[in-house]
Amino acid sequence: MLPIEGLRKGDVVQLGPNVRKAFAGCFMIVDKIYAWGARGFVLVPHDDIAGAGSAWFRAGWEEMVKIGSAAYLPEGFAR
């Protein structure tokens, strides 16, 4: 799949249904962009599989859609 046009650090993407179950539907703040996709920070709601918390996650282009740009970023997460 082709890269998401204009995706940059600090943008928010939603992870699709084909990623690991605990992350499906979660929002990810993009930290780094690669030729194959992006890495970012995800807040995971509580479920029976993973519990709740935050995690770094890597997603291929076909596994996410761009939502927009984060208005506020976590401390230490500069654009």
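A: Start with Asp11: it counts as buried because its relative accessibility is 2%, and the cut-off for buried is under 20%. Bear in mind that this is a predicted model.

Q: Which strand is Asp11 in?
A: Asp11 belongs to strand β1, which covers residues 11-15.

Q: What does the side chain of Asp11 make a polar contact with?
A: The side chain of Lys66, at 3.3 Å.

Q: And what else does Asp11 touch?
A: Leaving out residues up to four places away in sequence, Asp11 touches Gly6, Met28, Ile29, Val30, Lys66, Gly68, Ser69 and Ala70.

Q: New topic. How many residues are in the largest nonpolar core, and which touch the most other members?
A: The core has 17 residues. Those touching the most other members are Leu7, Leu15, Phe23, Met28, Val42, Phe57 and Met64.

Q: Which strands each supply at least two residues of this core?
A: β1, β2 (27-33), β3 (37-44) and β4 (53-60) each do. The largest share, three residues, is from β3.

Q: Back to Met64. What is it in contact with, leaving aside neighbours within four places in sequence?
A: Met64 is in contact with Ile4, Val13, Gln14, Leu15, Met28, Gly37, Ala38 and Ala59. Among them, Leu15 and Met28 are also on the list of core residues that touch the most other members.

Q: What is the mean pLDDT of the chain?
A: The mean is 87, and 89% of the residues reach 70 or more.

Q: Where is confidence lowest and where is it highest?
A: Lowest in β4, with a mean of 89, and highest in β1, at 96.

Notes:
Residues numbered from 1 in each chain as written. Predicted model: local features only at pLDDT ≥ 70, side-chain atom pairs only at ≥ 80, totals over all residues. Heavy atoms only, no water. Helix = DSSP H or I, 4+ residues; strand = E, 2+ residues; numbered from the N terminus. Buried < 20%, exposed > 50% of the residue type's maximum accessible area, 1.4 Å probe, protein only. Polar contact = N/O pair within 3.5 Å; in protein donor to acceptor, adjacent residues only side chain to side chain. Contact = heavy atoms within 4.5 Å. Core = buried A, V, L, I, M, F, W, Y, C linked by side-chain atoms within 4.5 Å. pLDDT = per-residue confidence, 0-100.
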